[in-house]
Amino acid sequence: MTSDGCAANLSPLGVGIGWRPEIDLTVERLPGVDFVEVIAENIDPRRLPDSLKALRDRGVPVIPHGVSLSLGSTRPPDGRRLEHLAACADALQSPLVSEHIAYTRAGKFDAGHLVPLPRTTAALDALGENVRSVQAALPVPLALENVAPLFRWPHEEMTEGAFLRALVEQTNAHLLLDLANLHTAHANLGISPTEVLDTLPLERVAYVHVAGGTLRDGLWRDTHAHPVPDSVLDLLAELAARITVPGVLLEHDRNYPQDSQLAAELAALRHTAFRTGRPSRQPLTPRPKPLRPVGAAGQQDLQREQEDLLRCLTAGGPAPAGFDAERLAVQAQTLASRKARHSACRHAPRPQERNARRLLPRLLGNHSPSSGPSSILRQIVILVGDSISRLLPRRGRPSRFPRSGAIGLPGCGMRGCKKFGVSDSWKMRL
Ligand SMILES: [Fe+2]
């Protein structure tokens with residue numbers, strides 16, 4: 001650990017919030033935002049949203065947060081996704097990037113979201129290899145995030161803490177420690193968060209996530225749509241007693257509260273994470289037993305197990321042996337509802353189209369696109385409207401942009417959805 005208690009080679013980050021298109025102006029202007037994180041799949045590095053550029057140019061660190069590399073797959077990460085993540089880091093001049101300890105694809109199946117890995121040597125081997133290849137392709141350090149589990153894999157070989165520790169030691173990656181996900185693992189699987197903190201190499205923590213969730217049908221759902229619960233703040237205080245917290249970031253994906261409430265949540269995080277000054281306890285760092293690689297046969301078994309699980313979660317296949325079928329049904333339902341929300345969002349008119357419909361009467365009198373103009377005319381109107389919006393000055397915008405629902409469509413909240421990320425210039429000016 002460095003003298004300031006932060007992860008080696010990384011600067012302290014402070015308090016941050018997840019940048020989302022729906023709250024871009026809020027984030028840009030909210031007091032107490034020291035850094036932000038953006039879902040990498042939501043942006044085009046060649047055409048960054050204005051508010052992200054403004055933050056970057058002000059010197060606010062912007063961290064691209066990947067959600068689709070599927071680092072836990074037995075196959076190498078997709079080259080184009082990796083190039084995109086690297087390009088985001090370059091365009092945003094980021095100090096680091098982050099991704100998840102999870103998989104999203106196996107064989108022909110794509111969950112569209114993060115599925116937990118088994119804590120086994122085979123999974124560690126696959127993950128370690130992919131992480132090393134990603135690190136080699138990135139221009140900045142990589143931090144890896146623990147995910148929120150609803151179910152447990154059978155025949156696991158390690159505790160959560162031992163798995164994460166072994167991963168960090170194999171790859172020299174940093175950790176993005178999601179305390180809300182630790183709380184989820186505790187509530188749903190009985191995993192002790194303090195035991196995890198006792199085992200983790202806390203000196204490798206680059207920053208921390210917190211988020212809200214809710215208890216439904218006896219399971220904790222990490223919704224990112226509720227206030228941060230006391231249990232997660234308690235974990236933040238527990239961490240602050242062990243190390244100087246390098247950074248803490250609030251994740252909020254839907255049901256955005258008023259700006260004043262967001263500001264109050266950030267202030268509470270700052271108070272909890274940094275009130276104690278120097279940590280009072282030394283982190284425990286017991287060394288794990290060395291692990292032996294499982295070889296090609298182990299990787300094939302893992303591939304089959306991952307595929308069987310995704311077949312169950314996404315295609316109505318049977319629950320694989322040893323899993324809790326009820327928990328998998330809940331997970332499958334969660335994935336399906338996310339996809340349905342995202343699909344509705346994808347098939348709705350683009351923001352440019354919605355605004356073109358509003359601008360059309362001003363531009364072309366009575367020829368409204370909703371009354372059936374040709375598609376060529378509609379495209380012309382969209383292009384004209386887009387050009388006009390880009391020429392309008394940024395001055396005079398409302399201090400808090402009315403949520404996207406105010407212009408007719410709520411964001412689907414799905415990570416990786418570009419629906420609103422490409423249209424930043426529109427909504428800033430309407
Ligand atoms: Fe997170």
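Biologist: In strand β4, which residues point one way and which the other, and are they buried or exposed?

Modeller: Keep in mind that this is a predicted model. Strand β4 covers residues 97-100. Ser-98 and His-100 point to one side of β4, while Val-97 and Glu-99 point the other way, and all of them are buried.

Biologist: Which strand pairs with β4, and in what sense?

Modeller: One place to look is Ser-98, which stands opposite Ala-143 in β7. The pairing of β4 with β7 runs over four bridges, and its sense is parallel.

Biologist: Are the faces of β7 covered, or is one left open?

Modeller: Strand β7 spans residues 142-145. On one side sit Leu-142 and Leu-144, and on the other Ala-143 and Glu-145. These residues are all buried, so the answer is that both faces are covered.

Biologist: Which residue of β8 stands opposite Glu-145?

Modeller: Strand β8 takes in residues 174-178 and pairs with β7 in the parallel sense, over three bridges. In β8, the residue opposite Glu-145 is Leu-176.

Biologist: What kind of unit do β7, α5 and β8 make?

Modeller: The two strands, β7 and β8, pair in the parallel sense. Helix α5, residues 160-171, belongs to the unit along with them. Together they make a β-α-β unit that is right-handed.

Biologist: Where is His-155 found, and is it buried or exposed?

Modeller: His-155 is in the loop between β7 and α5. Its phi is positive, about 60°, although it is not a glycine. It has 10 other C-beta atoms within 10 Å, and 12 or fewer counts as exposed, so His-155 is exposed.

Biologist: What is the phi of Asp-217?

Modeller: Asp-217 lies in the loop between β10 (214-216) and β11. With 7 C-beta neighbours inside 10 Å, Asp-217 counts as exposed. Asp-217 is not a glycine, yet its phi is positive, at about 50°.

Biologist: How many of the 11 residues of α6 are buried?

Modeller: The buried residues of α6 include Leu-179, Leu-182, His-183 and Asn-188. They pack against α5, β8, α7, β9, β11 (219-221) and α8. Helix α6 is mostly covered, and the number of buried residues is eight.

Biologist: Which residue follows α6, and what is its phi?

Modeller: The residue after α6 is Gly-190. The phi of Gly-190 is positive, near 75°.

Biologist: Where do the buried residues of α8 lie as seen down the axis of the helix?

Modeller: In α8 (residues 230-240), the buried residues are Val-232, Leu-235, Leu-236, Leu-239 and Ala-240. Seen down the axis of α8, they fall within an arc of 140°, so they line one face of the helix.

Biologist: What covers the buried residues of α8?

Modeller: Helices and strands both take part in the cover. Two of the strands are β9 (205-211) and β12 (247-251). The helices include α6 (179-189), α7 (193-199) and α9 (259-274).

Biologist: How far is Leu-335 from Gly-112 in space, C-alpha to C-alpha?

Modeller: Leu-335 lies in helix α11 (residues 325-347). Leaving aside neighbours within four places in sequence, Leu-335 is in contact with Ala-111, Gly-112, His-113, Leu-313 and Thr-314. Although Leu-335 and Gly-112 are 223 residues apart in sequence, their C-alpha distance is 7.4 Å.

Biologist: What share of the residues of the protein count as buried?

Modeller: The protein holds 14 helices and 12 strands. Among its contacts between residues at least 6 apart in sequence, 78% join residues at least 24 apart. Of its 430 residues, the share that count as buried is 46%.

How values were computed. Residues numbered from 1 in each chain as written. Predicted model: local features only at pLDDT ≥ 70, side-chain atom pairs only at ≥ 80, totals over all residues. Contact = placed C-beta atoms within 7 Å. Buried ≥ 20, exposed ≤ 12 C-beta atoms within 10 Å, placed from the backbone. Pairing = 2+ DSSP bridges. Right-handed = clockwise from strand over helix to strand, strands pointing away. Arc of directions from axis to C-beta.
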